[in-house]
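This note sets out, in numbered points, how the structure below may be read. Please keep the sequence and the model in view while going through the points.

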Amino acid sequence: MIPQAVGYFYIVAAALFILSLKWMNSPATSRRGVFAGEIGMLLAIVGTFLGFDVHNWTWIAAAFLIGTAIGIPIAYIMPMTAVPQRTALSHACGALAAALVGTAEFYQRQGTGELGPVFMIPLVLETLLGFLTFTGSLMAMGKLQEVLPQRPITYRNQNAVNFTLFAIAVALGIRLIVVPSNTALFPIFAALALVFGVLLIIPIGGADMPTVIALLNSYAGLSACAMGFALENKLLIIAGALDGSSGLILSIIMCRAMNRSFTNVLFGAFGQIQEKKGGAEQRPYRSAGPEEAAAILESAGSVIIVPGYGLAVAQAQHKIRELFDTLTRRGVDVKFAIHPVAGRMPGHMNVLLAEADIPYDRLYEMDDINGEFAQCDVALVIGANDVTNPAARNDKSSPIYGMPILEVDKARTVMVIKRSMSPGFAGIDNDLYYMDKTLMLFGDAKAFVSEIVKELPAKAAA
Amino acid sequence: MALSNLEIALYVFMLATFVGLEVIRKVSPLLHTPLMSLTNAISAISVVGAILITGAAHATMLSKILGFIAITAVVTNIVSGFLITDRMVKMFHKRGGKK
């Protein structure tokens with residue numbers, strides 16, 4: 001095989017990667033998109049083996065086998081609720097790989113005279129981003145898996161400490177660019193980047209994980225991109241840039257959905273605003289049982305279901321599908337209103353509902369459905385809280401003021417399935433629960449929905 | 001005037017970023033989760049770099065070990081990333097057509 005051919009393999013692979021992402025624009029073409037990505041990757045790997053003089057086959061083959069053996073079970077065993085953790089883990093893996101390749105290149109090329117700034121600048125960026133994304137993603141994974149506390153971990157002068165640490169790491173990086181032969185400096189540089197990754201994520205609360213995951217996605221992509229610059233490999237640059245821009249766009253969407261800025265997410269320690277305003281007074285609310293809820297749903301012409309992460313925690317997706325089917329069969333128009341931050345990562349709720357076989361054309365984005373609440377008979381909120389809080393619209397003193405919400409309070413009747421009256425993630429009381437037209441349905445989402453479903457056919461027979 | 005390698009690389013980076021921003025912006029929010037696992041699998045293209053450093057003729061033991069870990073990590077990403085993305089988008093296929 002002529003080595004020159006490798007360049008053409010890479011060009012085709014790059015084109016396939018772009019097509020792959022383009023085909024993700026609709027569910028109808030998305031499988032083709034995945035296929036294009038797979039072929040692109042295959043071409044890139046085969047091209048590399050054919051085009052370069054590759055040695056140490058046992059090492060490479062063993063790594064491929066082990067990677068495949070780990071990857072297959074992850075893909076098939078992982079429940080859809082755990083997809084955010086898997087995503088965080090794969091950011092960690094990708095970033096670690098970039099960092100280690102950078103490290104290996106750095107030591108391998110010592111004394112070859114190839115360590116000019118054109119090589120060292122991207123290499124320092126690659127390892128810096130790689131190492132900090134590695135530990136940062138592991139922390140994010142720990143928070144999502146709830147082995148680490150969801151609450152932000154904060155201490156005095158946190159931002160100052162973090163900034164100083166980062167500044168030292170950058171200074172060492174610059175020093176390495178100027179004097180690449182200073183190999184003793186490299187482990188210190190790498191260690192600082194690793195520590196900084198941990199410190200960057202611990203002050204960020206569980207509710208901000210969708211943004212953080214998207215941001216780490218971007219960093220992981222950019223470290224692969226920097227590797228491309230160091231190795232002068234255009235395919236790496238293109239794929240890394242695609243991943244980087246994808247992560248960037250998703251994190252911007254997530255920030256906008258929470259009315260926050262990047263700096264606020266990264267340095268604001270949101271969950272902080274926990275100080276309860278001196279023993280909130282008990283306000284009256286109405287509650288109802290499954291029979292009453294079923295009766296209301298039965299007589300409704302249109303129902304909008306607002307799912308939140310609580311639904312997934314209760315594993316209630318499949319029961320919701322039954323409710324959806326039963327109501328639809330009775331001629332009730334049922335739609336789902338999906339807030340961009342419902343779930344633990346961008347688009348997570350859509351996947352959870354699709355897994356339960358709810359047709360995706362019944363899932364509506366916030367902007368498309370907000371106008372419809374005023375005409376709908378019943379809004380059924382399941383496991384969602386802050387994203388329905390009218391305080392975001394009315395109350396300037398509320399910490400979530402300005403956040404775009406689902407305008408559930410405009411529906412004729414509101415029903416909320418919730419365990420208790422306790423406030424949610426952000427620790428903010430929700431006025432929606434105290435409105436005259438709101439019925440609180442207390443209980444576990446899965447159990448409650450299945451009781452409603454049980455009530456419905458009984459009523460039909462009567 | 002011929003372009004240096006660095007200049008060409010920067011052009012490629014700039015154009016790929018713009019293409020990425022435009023293409024990703026059009027992705028349906030329905031599919032943002034599979035999108036992220038797909039881009040993840042794609043960025044595991046760093047496997048190329050990992051193969052080259054592990055497979056270099058004069059690779060040191062350090063290079064081999066670090067490269068070995070790197071290949072294992074990214075191959076895990078490639079395999080699980082593409083498979084899980086496919087598993088997710090398949091769910092959007094099942095009932096979509098039927099209504």
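1. Two strands at one end of the sheet. Strand β1 (residues 286-287) of chain A and β7(A) run parallel and are joined by 2 bridges. Strands here are DSSP runs of E with at least two residues, helices are runs of H or I with at least four residues, and both are numbered from the N terminus. Two strands count as paired if DSSP finds at least two bridges between them. Ser287(A) has Met440(A) as its bridge partner in β7(A).

2. Basis of the model. This is a predicted model, in which local features need pLDDT of at least 70 and side-chain atom pairs count only at pLDDT 80 or more, while totals for chains, interfaces and linings use all residues. Residues are numbered from 1 along each chain as its sequence is written, and chains are lettered from A and ligands numbered from 1 in the order in which they are written.

3. The other neighbour of β7(A). Strand β6 (residues 413-418) of chain A also pairs with β7(A), in the parallel sense and over 5 bridges. Within this pairing, Ile417(A) has Leu441(A) as its bridge partner, and Lys418(A) stands opposite Phe442(A). Is strand β7 (residues 438-442) of chain A mostly covered or mostly uncovered? It is mostly covered, since 4 of its 5 residues are buried. A residue is buried if 20 or more other C-beta atoms lie within 10 Å of its own, exposed if 12 or fewer, and partly exposed in between, with C-beta atoms placed from the backbone.

4. The whole sheet. In chain A, 7 strands form an open sheet with parallel pairing, in the order β1-β7-β6-β5-β2-β3-β4. Strands β1 and β4 of chain A stand at the edges with a single partner strand each, so one side of each has no neighbour in the sheet. As background, strands of a sheet pair through backbone hydrogen bonds, either parallel or antiparallel.

5. Chain A overall. Chain A has 17 helices and 7 strands. Its C-alpha atoms fill a box of roughly 85 × 55 × 35 Å along the principal axes. Of the 462 residues of chain A, 52% count as buried.

6. Two domains. The domain assignment, which is automatic or taken from a database, divides chain A into domain 1 (78-272) and domain 2 (286-461). The C-alpha centres of these two domains of chain A lie 37 Å apart. Their contact takes 19 residues from domain 1 and 16 residues from domain 2 of chain A; two residues are in contact if their C-beta atoms, placed from the backbone, lie within 7 Å. On the side of domain 1 that touches domain 2, α4 (83-108), α8 (209-231) and α9 (234-257) of chain A each supply at least two residues. That side divides into 14 nonpolar, 5 polar and no charged residues. Here Ala, Val, Leu, Ile, Met, Phe, Trp, Tyr, Cys and Pro count as nonpolar, Asp, Glu, Lys and Arg as charged, and the others, Gly among them, as polar.

7. The two chains. In the interface, 82 residues of chain B are in contact with 95 residues of chain A. The largest share of the chain B side, 32 residues, comes from α4(B). The residues on that side divide into 48 nonpolar, 25 polar and 9 charged.

8. The nonpolar core. The largest nonpolar core has 198 residues, and those with the most contacts inside it are Val306(A), Val381(A), Ile382(A), Ile45(B) and Val74(B). Such a core is a set of buried Ala, Val, Leu, Ile, Met, Phe, Trp, Tyr and Cys residues joined through C-beta atoms within 7 Å. Helix α4(B) gives the most to this core, with 17 residues. Both domain 1 (78-272) and domain 2 (286-461) of chain A give residues to this core, so it lies between them. Leaving aside neighbours within four places in sequence, Ile45(B) is in contact with residues including Met41(A), Ala224(A) and Leu236(A).

9. Two loop residues. Glu146(A) has a positive phi of about 65° although it is not a glycine. Glu146(A) is found in the loop between α5 (117-145) and α6 (158-178) of chain A, and is exposed, with 10 other C-beta atoms within 10 Å. Asp357(A), likewise not a glycine, has a positive phi of about 70°. Asp357(A) counts as partly exposed, with 14 C-beta neighbours inside 10 Å.
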